[in-house]
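Student: I have a protein model open and I would like to learn how to read it. Could we go through it together?

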Amino acid sequence: MEEINHVAVLDFGSQYTQLIVRRVRELGFFAKLYSPENVADIGQPGAIILSGGPRSTSDPDAPDIDFETLQGYGVPVLGVCYGMQILNIKFGGAVKASDRREYGPATMHPVAHEGLYEGVTAASQVWMSHSDTVSELPENAKVIATNSHGTPVSIQWGDRFYGIQFHPEVTHSHEGNRVLGNFLMQASNLQKFSIDEFRREIISGIREKVGDRQVVCGVSGGVDSTVLAVLLHEAGVNMRAIFVDHGLLRKGEAEEVVNNFHRMGVPIEKVDVTERYMTALAGEGDPEKKRIIIGNLFLDVFWDVVGNAELLAQGTLYPDVIESASNDNSKASKIKTHHNRVDRVIELQAQGKVLEPLAELFKDEVRELGHSLGIAKDILDRHPFPGPGLAVRCPGEITLERLDVIRECDAIFINALKEHGWYDKVWQAYAGLIPVKTVGVKGDERSYEWATNLRAVVSEDAMTADWVELPTSLLREVSNKILNEVSGINRVLYDISTKPPASIEWE
Ligand code: XMP
């Protein structure tokens, strides 16, 4: 898509900046992310949004923006959180630094139900995450919304600059989409977002980047790598799709993945390297070390199979990038190293040898892209499954025996969800292992066995998740079946933790 009349989002480092891009796409318009330093090189935008950020405007090296250039575009501008504070300073107002943070839900009251707040209720829940506050308004400013104490939470400067202290892009701001939509209504002729055009653009970008180089594409059977492999196949580049069976897959998964690729007409090569993985992981109990061993071994296997690969294609999504953030070039903090973000991948990336066409997208957007590529619904609707597989569902050391126990419990749970019509209502579900032995009674005998944890969550984008209130009758059926049929398990637990503070996987 050409960068004309698009929505330019300037990233001041908030965890949620990419969500703004996504919301704009959901509202039907084409958005693109830029660094504020490059404000002079954002094409011909139709509207500009300044994101939030973790810094204080009073920090000596706080991110800044060339205000004259910004004004020169002559289009509506919206500043969110940090973005609002910096605009207020640029217009001649002031911001007060504070070490007290306002974090969480708050109530916002529009002054009038027009402009940004047309159709927004009189007391609307919004999500706040800030320390500094606007303390002095410049002459051309008017307050357009306040919080319950009458403090300004939204300001308009002149007739096309707007600021909001809350985050409209997170779902906890109940009418955030409406506020964003109202802002975009202030712009004229915004470029529409179309998934078909987006697909064509990704495919032509792939052709351009790959040229006649040989690409190795790691596939896991999950939605992301499947969509990626189909994109590469459609692009007609010189690609070898490698499916690594590391022994950390679920029951029957290897056969299912090969069969799915066969259905799509995309050739894949399956390599069975279970022994190699088990040897490399033997005795290792540390979650980060396990992830790094697994991620590095993927690369060794790819290069062993395809000796002369010049490019590595990965189905990395935006949440993987943000959660694996390394402190050098990201402002977000590291939660866990996703398998496609180990140091060796970062090194290859620095050499321009990594292709990640999906890195700006969220899971549901990838599904939509997959749909537009003609991939069957049952393949696209598979629950996400992490690259490190069952290893992150088995805290501590991994052994073949533990993996087999997880596979049996998981198959029972997933089959029950499918039989009772719950599989498609749940975003992701699995059974994991708690490798702690406890005492029980089985068949009149003392048992001393492990516990399995069942997890079923709903999520929009994997950044946050909530556990699902499955019917107790379903949980009872699954529990009975596991306790009767899986040797090694004498306890079944249901995980009722939200993310945050927990995460979806246990490691
Ligand atoms: P967490 O556990 O961080 O997981 O809440 C969020 C989502 O990401 C998946 N996940 C991964 N996917 N490689 C992947 O491809 C990884 O290393 C990885 N770690 C977590 C997880 O299954 C969930 O959908």
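**Helices, sheets and domains**

Tutor: Gladly! Let's begin with two helices: helix α8 (residues 274-281) and helix α9 (residues 287-305) have axes that come within 10 Å and cross at roughly 145°. Keep in mind that this is a predicted model.

Student: Is the crossing of α8 and α9 left-handed or right-handed?

Tutor: The crossing of α8 and α9 is right-handed. On the α8 side, R276, Y277, A280 and L281 make the contact. On the α9 side, the contact residues are K290, I293, I294, L297, F298, D300, V301 and D304.

Student: How do the residues of the contact of α8 with α9 divide?

Tutor: They divide into eight nonpolar and four charged residues, with no polar ones.

Student: At what angle do helix α14 and helix α15 pack?

Tutor: Helix α14 (residues 400-419) packs with helix α15 (residues 472-485) at an angle of about 150°, and their axes are 10 Å apart. Angles over 145 degrees count as roughly antiparallel, so α14 is roughly antiparallel to α15. The two helices pass each other in a right-handed crossing. From α14, the contact uses C409, I412, F413, A416, L417 and E419, and from α15 it uses L474, E477, V478, K481, I482 and E485. Eight of the residues in this contact of α14 with α15 are nonpolar, none are polar and four are charged.

Student: In which sense does α6 pass α12?

Tutor: α6 passes α12 in a left-handed crossing. Helix α6 (residues 223-235) and helix α12 (residues 363-372) cross at roughly 40°, and their axes come within 10 Å. Here V223, D224, V227 and L231 of α6 meet K363, V366, R367, L369 and G370 of α12. This contact of α6 with α12 has five nonpolar residues, one polar and three charged.

Student: How many bridges join strand β13 to β14?

Tutor: Five bridges join β14 to strand β13 (residues 239-245), and the two run parallel. For a spot to look at, I242 stands opposite E269 in β14.

Student: Which strands stand at the edges of the open sheet of nine strands?

Tutor: That sheet has the order β2-β1-β3-β4-β11-β10-β9-β6-β7, with mixed pairing. β2 (31-34) and β7 (124-130) stand at its edges with a single partner strand each, so one side of each has no neighbour in the sheet. On average, neighbouring strands of this sheet are turned by 25° against each other, direction ignored. Within the sheet, strand β4 (residues 77-80) pairs with strand β11 (residues 161-164) in the parallel sense over four bridges, and V77 stands opposite F161 in β11.

Student: Where does helix α3 lie?

Tutor: Helix α3 (residues 82-90) lies across β3 (47-50), β4, β7, β10 (152-157) and β11, at about 115° to β4. Helix α4 (residues 176-185) also packs on the sheet, touching β1 (7-10), β3, β4 and β11.

Student: Which domains does the protein chain have in the domain assignment?

Tutor: The assignment gives domain 1 (7-184), domain 2 (195-380) and domain 3 (399-494). The C-alpha centres of domain 1 and domain 2 lie 35 Å apart.

Conventions
Residues numbered from 1 in each chain as written. Predicted model: local features only at pLDDT ≥ 70, side-chain atom pairs only at ≥ 80, totals over all residues. Heavy atoms only, no water. Domains from an automatic or database assignment. Axes fitted to C-alpha atoms, helices over the stretch in contact; angles between N-to-C directions. Parallel < 35°, antiparallel > 145°, perpendicular 65-115°, else oblique. Left-handed = near helix turned anticlockwise from the far one by under 90°. Contact = heavy atoms within 4.5 Å. Nonpolar A, V, L, I, M, F, W, Y, C, P; charged D, E, K, R; others polar. Pairing = 2+ DSSP bridges.
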